[in-house]
Amino acid sequence: MNKMAPKAGGDSAKVNSAVYKDKSKPTDIRLSNINAAKAVSDAIRTSLGPRGMDKMIQAANGEVTITNDGATILKQMCVIHPAAKMLVELSRAQDIEAGDGTTSVVVIAGALLDAAEKLLQKGIHPTVISDGFQKALKMALQVVESMSTPVDLSNEDALLKAAATSLNSKVVSQHSTILAPIAVQAIRSVMEPIPGGVGARVDLRDVKVIERIGGTVEDTELVQGLVIAHRSANVNGPHRIEKAKVGLIQFCISPPKTDMDHNVIVSDYAAMDRVLKEERQYILNIVKQIKKAGCNVLLVQKSILRDALSDLAVHFLDKIKTMVIKDIEREDIEFVCKTLGCRPIASLDHFTAENLVNVDLVEEINEPLGKYIKMTGCSNGGRTVSVVVRGTSGAVTAEAARSLHDALCAVRCVARRPALLPGGGAPEAAAAAELTRAALAAPGADHYCLRAYADALEVIPSTLAENAGLNPIETVTELRAAHATGSASGAGVNVRRGRVTDMRHEHVLQPLHVTASALALATETVRAILKIDDIINTIN
Ligand code: ADP
Ligand code: MG
């Protein structure tokens with residue numbers, strides 16, 4: 001069906017056959033896009049900062065999520081307008097690039113769109129605005145870079161502050177003293193310094209976050225080893241093995257099956273007996289080989305073709321006192337191998353002692369809400385870590401895990417680009433002050449664009465103040481005065497004291513990469529929205 005373009009706001013949208021001659025159409029489309037995108041930004045504004053509110057999201061299936069994370073809120077929001085979707089994408093892009101600052105990026109984009117709308121009303125051409133914003137971005141990035149302080153990655157304190165600032169604004173902020181050191185320790189365990197360069201490389205896939213209901217967030221722990229979130233398959237086997245020899249197999253210990261649908265008709269008792277004996281012999285043969293290799297902990301990859309373990313196999317493995325853990329997901333194999341330092345064994349012929357790895361302790365931990373396996377002391381591997389996040393309910397545990405993810409990302413950003421900025425809207429205020437100064441000297445339309453960009457950046461301190469119950473106008477003017485003297489100041493909104501103070505003294509520090517990426521991505525999206533002058537729907 002050939003649909004009309006969405007109707008723009010106001011009565012000026014004359015949607016009729018002469019639509020393409022209508023000069024006001026591009027303007028209307030642009031305004032409609034801006035308004036739709038601004039609505040998205042307004043929806044999550046109240047979640048910004050340490051005193052921001054949380055959202056309760058209800059899914060169609062009745063599942064409830066409580067969160068403060070911009071990317072999570074937007075991901076679950078049902079957004080239909082194509083321009084509004086761009087802001088959802090923007091938040092996701094920031095999540096991928098930096099992992100934190102997902103609310104800020106959308107709030108900044110919303111303010112920039114608002115500024116652009118006012119400039120359009122002044123009669124400035126969208127391309128001129130777009131170019132003006134690009135110049136402003138360049139200057140703003142220079143300001144934030146110049147006010148950042150380099151950090152040494154061996155300085156744990158600086159990393160802790162970055163993690164704590166990220167956790168400050170979360171539902172689980174009261175537990176930041178527990179979660180921040182865990183995030184720092186986890187990243188430090190897996191980071192690899194870039195040879196000859198600054199910073200370090202961190203692959204977040206090396207940090208596995210496991211959610212478990214039961215206990216409180218305070219009970220969250222870091223495990224230097226492997227955690228498998230389910231019980232062992234043994235019925236009557238060992239629950240704790242010291243000095244274990246672990247093997248990871250990708251074949252099944254169960255009667256083989258044909259690829260096709262097959263029927264075997266057994267008509268007399270003797271034949272049935274033979275079938276059973278054959279099966280017993282087949283499984284016994286595998287188990288004997290396992291015993292011969294000296295393996296006492298067996299990990300079995302999940303199989304979709306047949307049972308990875310038959311009951312008879314479990315029985316024999318119980319007898320030889322081998323702990324067996326089945327259903328290791330195929331995509332987890334790489335992580336398990338990296339943790340234990342082993343290689344998966346694909347056939348029985350390769351099941352030999354040299355393919356097994358030593359682990360100091362393997363234990364099955366029994367909790368009221370289920371059992372799980374913990375392996376520690378992996379001398380060969382140990383290039384990964386696992387974090388067991390706990391909470392009293394599913395919603396709390398999930399939010400704690402999401403918050404920990406943000407903290408991990410914040411520390412990773414510092415590892416990647418070792419520099420920290422004061423938080424509380426200080427970098428945005430400093431950039432705004434510098435841009436306002438530059439605007440005075442700028443000719444023509446650039447003057448307006450730089451001014452507008454500067455005012456838009458102040459949305460961060462103003463929203464932080466507003467969410468903390470302070471007067472946003474008073475706070476922003478106080479902040480302007482503090483930054484008017486020079487850009488070296490770290491003055492920001494101190495939500496605890498309700499005043500403007502130097503955020504460096506408050507130890508509110510955030511990674512440079514988060515702020516720089518938020519500014520760059522928000523500006524890019526706003527420029528893209530400004531350049532759209534029509535929405536075309538396809539036939540199908
Ligand atoms: P995002 O999803 O963008 O990270 P947050 O809700 O985490 O959004 O809020 C981040 C903002 O809160 C940043 O601008 C940061 O500087 C500010 N912030 C964090 N902790 C504090 C604090 N203790 N005092 C003032 N501002 C803070
Ligand atoms: Mg954050």
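Predicted model: local features only at pLDDT ≥ 70, side-chain atom pairs only at ≥ 80, totals over all residues.
The whole structure holds 2 cavities of 30 Å³ or more. A cavity here is a set of points on a 1 Å grid over the protein atoms alone where a 1.4 Å probe fits but cannot get out, and lining residues have an atom within 4 Å of a point. Grid points are joined across faces, edges and corners, and a volume is the space filled by probe spheres set on the points.

**Largest cavity**
- The volume of the largest cavity is about 610 Å³.
- Its lining comprises 40 residues, of which Gly-49, Ser-104, Thr-165, Ser-169 and Gln-510 are the closest to the centre.
- Elements giving two or more residues to this lining are α4 (102–121), α6 (156–168), α12 (426–441), α14 (459–467), β16 (491–494), β18 (509–511) and α16 (512–530); helices (H or I, at least four residues) and strands (E, at least two) are DSSP runs, numbered from the N terminus.
- By class, the lining has 14 nonpolar, 19 polar and 7 charged residues; Ala, Val, Leu, Ile, Met, Phe, Trp, Tyr, Cys and Pro count as nonpolar, Asp, Glu, Lys and Arg as charged, and the others, Gly among them, as polar.

**Second largest cavity**
- The second largest cavity has a volume of about 40 Å³.
- Ala-429, Ala-433, Glu-458, Val-476, Leu-479, Arg-480 and His-483 line the second largest cavity.
- Two or more of these residues come from each of α12 and α15 (472–484), and α15 gives the largest share, 4 residues.
- This lining divides into 4 nonpolar, 1 polar and 2 charged residues.

**Basis**
- Residues are numbered from 1 along each chain as its sequence is written.
- Totals for linings use all residues, whereas local features need pLDDT of at least 70.

Technical notes. Chains lettered and ligands numbered in written order. Heavy atoms only, no water. 1 Å grid on protein atoms, 1.4 Å probe; cavity = no way out; pocket = protein on both sides within 12 Å on 5 of 7 lines; lining within 4 Å.
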